[in-house]
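Visitor: Please pick one part of this model and look at it closely, then connect it to what surrounds it. Give the cut-offs as the terms come up.

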Amino acid sequence: MRSKVFNTFLEAVADIPDGATIMIGGFGHAIDKPQNLIRALKEHGAKNLTIIVNGAGVTGKLGIGSLGGKPFIDEEILLENRQIKKAICSVPASLVMSKPSTFERQYLAGEVELEYVPQGTLAERIRAGGAGLGGFFTPTGVGTLIEKGKEKRIIDGKEMLLEFALRADYSFIKAYRADTMGNLTYCGIMRSFNAVMATAANVSIAEVEQIVKTGELDPEVIVTPGIFLNRIIEIPKERNQ
Amino acid sequence: MKPRLDRQTIALRVAKEFYDGAVVNLGGGIPTLAANFVPEGRTVIFHTENGALGFGGVPSNEKDENPYFMGANGVPFTPLPGMCLFHHADSFAMIRGGHIDITVLGALQVSEKGDLANWTFPERGIGNIGGAMDLAIGCNRVIVAMEHTTPKGQLKILKECNYPLTASQCVDLIVTDIAVIQVTREGLVLKEVGPGWTDKEVQALTEPELIISGDLKEIEL
């Protein structure tokens, strides 16, 4: 069986073509972002990318969600490098209005596209994509701009919108431990979008704090079964936040 | 100008709504502060969208802050016995599925019918929906915690919201710096007024006509 373990982040993203759709995991905190894969994607340089993500690079520079407010890497470095064509996300704007994010500036200048998705709908569209479903009906967004152009149906007396599943060419995942089969465990609030996105891409790539031998993870505590993962890389100790 | 309640005191009033055993999700801003004022003798199970349930407040000692335990507001929390962790699809299954008893959200505008606008205003040209739309439609009780008017004195409780909606007819209770207002089928019922405020003074800062509760009282703190 071919090994899933990669030695460098750049190798792990080397085949990502221009125009690819990439899910980037995490909620937006330092500990849940696949920071090393994002950095490698910048170095690799693929362009015209669509990212599916909770926040469009709005927390790292401001250090929101890190201890002591220390800045960390997020999607913003890809935006600064003009690699992003479109974001499908729930938090596209800066959390501090006086400090507009790169995505916000580019969007207001008409340079990037945006598809607003409420956070729960985003998670569920990805879950559906990973589970082989076409979509689902949800009451979230009824009576708001989210319902524009969507099929509406009354189910059990409640108005609901049809939302379609989301899949991607690649997903970038941050996890705590992996074994060489690609089974993943998480730590603390790290599951967030990571454990959902790991299921919904053609190629899922996880950066983990530690890779252990197969058999060393207790099957009872594995959150993401290894068959969802294609590539795993251990984060060098000095880069761990 | 009459004194208004400060943000901490609004949060204190909000927290009186937390009953023993309630599962509660707090939005950013004033709502976050309510975690500090859970009435004595009541146990509240806090939920955060990014995947934790049953955690405690901000660690009192900086050395106990742990980057693996941070809420959706980006602030560290204290793990408590019985805490559990989960991913986003499960987190929002809890929200939409009616498993969260109370959510407290900030607001830019609230309408007479309980419509909520809290994610953007037209001049900004962009905004953050985040989890607000799901929380507003999914949680069993939606409490809005906000200042009664904008810093410039514009009204925020309106007949109709003119900012983009988060959800329609979702708000149950509005707690502001001068009043506590219940949203009912008949309209907005003024239940409590800030210290030194009269119902007429609150009405003057509220566009829709208020129904004055028979047992109108001063906000109990």
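**The open sheet and its surroundings**

Guide: In chain A, three antiparallel strands make up an open sheet, in the order β5-β7-β6. The edge positions belong to β5 (135-138) and β6 (152-155) of chain A, which have a single partner strand each, so one side of each has no neighbour in the sheet. From one strand to the next, the twist averages 40 degrees. Helices (H or I, at least four residues) and strands (E, at least two) are DSSP runs, numbered from the N terminus; two strands pair if DSSP finds at least two bridges between them. Axes are lines fitted to C-alpha atoms, for helices over the stretch in contact, and angles run from 0 to 180 degrees between N-to-C directions.

This is a predicted model, in which local features need pLDDT of at least 70 and side-chain atom pairs count only at pLDDT 80 or more, while totals for chains, interfaces and linings use all residues. Residues are numbered from 1 along each chain as its sequence is written, and chains are lettered from A and ligands numbered from 1 in the order in which they are written.

Within the sheet, β6(A) is joined by four bridges to strand β7 (residues 158-164) of chain A, and the two run antiparallel. A:I154 has A:E159 in β7(A) as its bridge partner. Helix α5 (residues 119-130) of chain A lies across β5 and β7 of chain A, at about 150 degrees to β5(A).

Both α5 and β5 of chain A also meet chain B. They are among the elements against which the buried residues of α3(B) pack, together with α6 (194-197) of chain A and with β2 (45-48) and α4 (132-138) of chain B. Contact here requires the C-beta atoms of two residues, placed from the backbone, to lie within 7 Å. A residue is buried if 20 or more other C-beta atoms lie within 10 Å of its own, exposed if 12 or fewer, and partly exposed in between, again with C-beta atoms placed from the backbone. Helix α3 (residues 88-96) of chain B has seven of its nine residues buried, so the rest of the structure largely encloses it. Those residues are B:H88, B:A89, B:S91, B:F92, B:M94, B:I95 and B:R96. Just after the helix, B:G98 takes a positive phi of about 80 degrees.

For the contact as a whole, chain A contributes 40 residues and chain B 34 residues. On the chain B side, α3 and α4 each supply at least two residues, and α3(B) gives the most, with five. The side of chain B that touches chain A consists of 18 nonpolar, twelve polar and four charged residues. Here Ala, Val, Leu, Ile, Met, Phe, Trp, Tyr, Cys and Pro count as nonpolar, Asp, Glu, Lys and Arg as charged, and the others, Gly among them, as polar.

One more residue of chain A belongs in this account. A:S192 sits in the loop between β9 (184-185) and α6 of chain A, and has a positive phi of about 20 degrees although it is not a glycine. A:S192 counts as buried because 31 C-beta neighbours fall inside 10 Å.

Chain B has a parallel arrangement of its own. Strand β5 (residues 102-105) of chain B pairs with β8(B) in the parallel sense over four bridges, with B:V104 opposite B:I143. β8(B) also pairs in the parallel sense with strand β10 (residues 173-175) of chain B, over three bridges, and there B:V144 has B:I174 as its bridge partner. In strand β8 (residues 141-145) of chain B four of the five residues are buried, so the strand is largely enclosed by the rest of the structure.

B:Q169 is not a glycine, yet has a positive phi of about 45 degrees. With 15 other C-beta atoms within 10 Å, B:Q169 is partly exposed.

The C-alpha trace of chain B spans about 50 × 40 × 30 Å along its principal axes.

As for confidence, chain B averages a pLDDT of 97, and 100% of the residues score at least 70; pLDDT is the predictor's confidence in each residue, from 0 to 100. The model scores ipTM 0.97 and pTM 0.97.
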